[in-house]
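Hi,

Here is the model I promised to send over.

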Amino acid sequence: MSFLNFDSKVFMAPMAGITDAPMRTVLASCGGGNLISEMAAINAIQRKNPKSWQIANVKNEPYPVVVQLVGNSPDLFADAAKLVADLGAHSIDINMGCPVKKIINNDSGSALMNDLPRAAKIIEATVKATPLKVSVKFRKGWDSEHVNAVEFAKMCEQSGASYITVHGRTRAQGYSGVADWDIIGAVKNAVKIPVIGNGDIDSPQKAEQMLQKYGVDGVMAGRAVLGNPWLLNRIHHYLQTGEIPDEPSTAQIKEMMLKHLRLLVEYYGERGGMAISRKHIGWYVKSLYDAKRFREQYTKLNTLQEAEDLINQYFLRVES
Ligand SMILES: Cc1cc2nc3c(=O)[nH]c(=O)nc-3n(C[C@H](O)[C@H](O)[C@H](O)COP(=O)(O)O)c2cc1C
């Protein structure tokens, strides 16, 4: 069984520039897994900045979408929470883990792990502003000298968070090294609210290992899902039935690439969609035949027609 009103114990990790509406459509078409937005800055939402507004607007999506917010002002968080509730959010996740300099310099993201009183005020203000559930995503700590995930988790619980997600790396580690799952287990033992474990989950077996060994309530996968949107459902299905669905066939990969590409062009227009498609297309083919040459050719293309033609030609070679 899952917790709150989520359909699954498996969560897509929020990823800026990646977990947009087209990506969610792709993920939903593969089944099982809870979906989330990219992070949206609270001040940009309040200004109705078109790009941030588009990120937060999940009204027309036929499945629940958690909207993630980032920022540092409790008042602005409260205002933004009301706006995103009107824009159809299933619930609100607060980003207290982002390691990027631009965010940190604004005292947001993982910088809040160094300022528990402010982090508490932000959570309290957001919880008070909306009937939606509010969750928090954070890291192991700032660096190896400042590992405070357990204390931080208790603060989140006391401040009214409905659940928390812990990424087992410090801010200093960024995305390098191995995620520390023991700290996720320590957090789980310290709080009563549900805990989602995050970091390095790349297979159904690894997800099960984290759930069994550390007793977490859910698992979240990020980088391993890139170019592999089937993974969330493969994990979900395995947890439900004990059976692991097959890896996608080459034909399925091709169809998914074409579908993802068309969705991106529909959503962002041809120019924007083609630009964003480059990274996704690169991820889909990364372990296929002659991927490097294909990627180099793809990067030079500007139209949907050219892209579809190249993908079709490439798969004739892959399949032959
Ligand atoms: C390109 C990229 C963008 C990310 N953007 C966000 C974000 O917007 N919000 C967030 O909370 N985490 C973000 N993350 C962190 C992921 O959600 C996740 O915590 C991290 O990748 C660890 O999980 P993994 O080992 O399964 O990839 C991002 C990570 C990457 C690599």
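Before the notes, a word on labels: helices (H or I, at least four residues) and strands (E, at least two) are DSSP runs, numbered from the N terminus. Keep in mind that this is a predicted model: local features need pLDDT of at least 70, side-chain atom pairs count only at pLDDT 80 or more, and totals for chains, interfaces and linings use all residues. Residues are numbered from 1 along each chain as its sequence is written, and side-chain values use heavy atoms, with hydrogens and water left out.

Let's start with the overall layout. The domain assignment, which is an automatic or database one, gives domain 1 (10-241) and domain 2 (250-319). Their C-alpha centres are 29 Å apart. Contact here means heavy atoms within 4.5 Å, and by that rule 16 residues of domain 1 are in contact with 14 residues of domain 2.

Now the ligand. A residue is near a molecule if one of its heavy atoms lies within 4 Å of it. There are 18 residues around the ligand, and Pro14, Gln68, Asn198, Asp200 and Arg223 come nearest. The shell splits into 8 nonpolar, 6 polar and 4 charged residues, where Ala, Val, Leu, Ile, Met, Phe, Trp, Tyr, Cys and Pro count as nonpolar, Asp, Glu, Lys and Arg as charged, and the others, Gly among them, as polar.

For polar contacts, I took pairs of N or O atoms within 3.5 Å; within protein, one must be able to donate a hydrogen and the other to accept it, and residues adjacent in sequence count only if both atoms are side-chain atoms. A polar side-chain atom of Gln68 sits 2.7 Å from a nitrogen atom of the ligand. The ligand taken alone exposes 620 Å², of which the protein buries 88% (Shrake-Rupley method, 1.4 Å probe; for residues, only the protein chains shown count as cover).

Why does Gln68 count as buried? Because its relative accessibility is 3%, and buried means under 20% relative accessible area (exposed is over 50%, partly exposed in between; 1.4 Å probe, protein chains only). The Gln68 side chain also makes a polar contact with the side chain of Asp93, at 3.0 Å. Not counting residues up to four places away in sequence, Gln68 touches several others, including Pro14, Asn95 and Lys137.

Next, helix α8 (residues 181-190). Its buried residues are Trp181, Ile183, Ile184, Gly185, Val187 and Lys188. Their cover includes β5 (134-141), α7 (149-159), β6 (163-170), β7 (195-198) and α9 (204-214). Asp180 caps the N-terminal end of α8, with a side-chain oxygen 2.9 Å from the backbone nitrogen of Asp182.

Trp181 belongs to α8 and counts as buried because its relative accessibility is 10%. The Trp181 side chain reaches the backbone oxygen of Gly199 at 2.8 Å. Leaving aside neighbours within four places in sequence, the contacts of Trp181 include Gly199, Asp200, Lys206 and Tyr214.

Last one: Val10 is in strand β1 (residues 10-12) and is buried, with a relative accessible area of 1%. Among the residues Val10 touches, beyond four places in sequence, are Gly33, Val219 and Leu239.

Cheers
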